[in-house]
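Please read the following note with the model open beside the text. Each numbered point may be checked against the structure in turn.

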Amino acid sequence: MATIEGTFEKSSSLKAAIVVARFNDLITNKLLSGCLDCLSRHGIDVTETSNQLDIAWVPGSFELPIISQELARRGKYEVIITLGAVIRGDTPHFDVVISEASKGIATVSRETGVPIIFGVLTTDTMQQALERAGIKNNLGWNYALQALEMGSLMKSLS
């Protein structure tokens, strides 16, 4: 029986992209900061001149799938991280946005074979989002770890 797993130790050569939603940027900037900190501590060059990492900004979480798809199709990236925050309001807009963002991101990942980490917070309140973006912990860090593991796992399968 073979056990196939991704590792964090051998992931420092991964080429990654992060797609970040500007909407709720108070939250997404904090997620991005946590994500970059984790990637940096695991050997990924996150500097402005990096040839390992690119960051694309989109208007909101609804637009995450199309840019993720374009980046995945280029064949340059071994893993893509999406960052967004959708906070429930008084209308069904929340349900529409998160449904389309999640389905779109999953579809792009399956169709391109590039792992895409779903780093979109879905919360009922701004307080809940803030807690997940740094007040209690920063899920941006977790999303980066998932990316390192999945990128490494995909490499081991090649």
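The points below treat the basis of the model, the nonpolar cores, the salt bridges, the cysteines, two further residues and a surface patch.

1. Basis of the note. This is a predicted model, in which local features need pLDDT of at least 70 and side-chain atom pairs count only at pLDDT 80 or more, while totals for chains, interfaces and linings use all residues. Residues are numbered from 1 along each chain as its sequence is written, and side-chain values use heavy atoms, with hydrogens and water left out.

2. The largest nonpolar core. A nonpolar core is a set of buried Ala, Val, Leu, Ile, Met, Phe, Trp, Tyr and Cys residues joined through side-chain atoms within 4.5 Å. Buried means under 20% relative accessible area, exposed means over 50%, and partly exposed lies in between (1.4 Å probe, protein chains only). The largest core has 26 residues, of which Ile-18, Leu-39, Ile-81 and Leu-83 touch the most other members. Two or more residues of this core come from each of β1, α1, β3 (79-87), β4 (116-123), α4 (126-132) and α5 (139-157). The largest share, six residues, is given by α1. These element names follow DSSP runs, numbered from the N terminus: helices are H or I runs of at least four residues, and strands are E runs of at least two.

3. Which residues does Leu-39 contact, leaving aside its neighbours within four places in sequence? Leu-39 is in contact with Ile-18, Ile-44, Val-46, Leu-53, Ile-81, Ala-144 and Leu-148, where contact means heavy atoms within 4.5 Å. There is also a second, separate core of 19 residues, and among its members are Val-58, Leu-64, Leu-71 and Ile-98.

4. Side chains of opposite charge can pair when their charged atoms come close. The structure holds eight salt bridges, a salt bridge being a side-chain nitrogen of Lys or Arg within 4 Å of a carboxyl oxygen of Asp or Glu. One of them joins Arg-41 and Asp-37, with an N to O distance of 2.7 Å. Arg-41 and Asp-37 are four residues apart in helix α1, so about one helical turn separates them. Arg-41 is exposed, at 61% relative accessibility, whereas Asp-37 is partly exposed, at 31%. Another bridge joins Glu-100 and Lys-103, at 3.3 Å from N to O. Both of these residues lie in helix α3, three residues apart, which is about one turn of the helix. Glu-100 is partly exposed, with a relative accessible area of 35%, and Lys-103 is partly exposed at 46%.

5. Asp-124 forms a salt bridge with Arg-88, and their closest N and O atoms are 2.8 Å apart. Asp-124 lies in the loop between β4 and α4, and Arg-88 in the loop between β3 and α3 (93-112), so that this pair, 36 residues apart, links distant parts of the chain. Asp-124 is partly exposed at 44% relative accessible area, and Arg-88 is partly exposed at 39%. Arg-88, Asp-95 and Asp-124 are linked in a network of salt bridges.

6. The cysteines. A disulfide is a pair of cysteine sulfur atoms within 2.5 Å, and the structure holds zero disulfides. Cys-35 is buried, at 0% relative accessibility, and Cys-38 is buried with a relative accessible area of 0%.

7. Asn-24 lies in the loop between β1 and α1 (25-41). Its phi is near 60°, a positive value in a residue other than glycine. Asn-24 is buried, with a relative accessible area of 19%. Ser-152 is placed in helix α5 and is buried, with a relative accessible area of 10%. Not counting residues up to four places away in sequence, Ser-152 touches Gly-6, Thr-7, Ser-11 and Leu-14.

8. A nonpolar surface patch. Ile-4, Met-150, Met-154 and Leu-157 form a nonpolar patch on the surface, with about 340 Å² of accessible area together. Patches are made of residues with over 30% relative accessible area and no salt bridge; like charges are joined within 9 Å, and nonpolar side chains (Val, Leu, Ile, Met, Phe, Trp, Tyr) within 5 Å. Accessible areas come from the Shrake-Rupley method with a 1.4 Å probe, and for residues only the protein chains shown count as cover. Ile-4 lies in the segment before β1 (16-21) and is partly exposed, with a relative accessible area of 48%.
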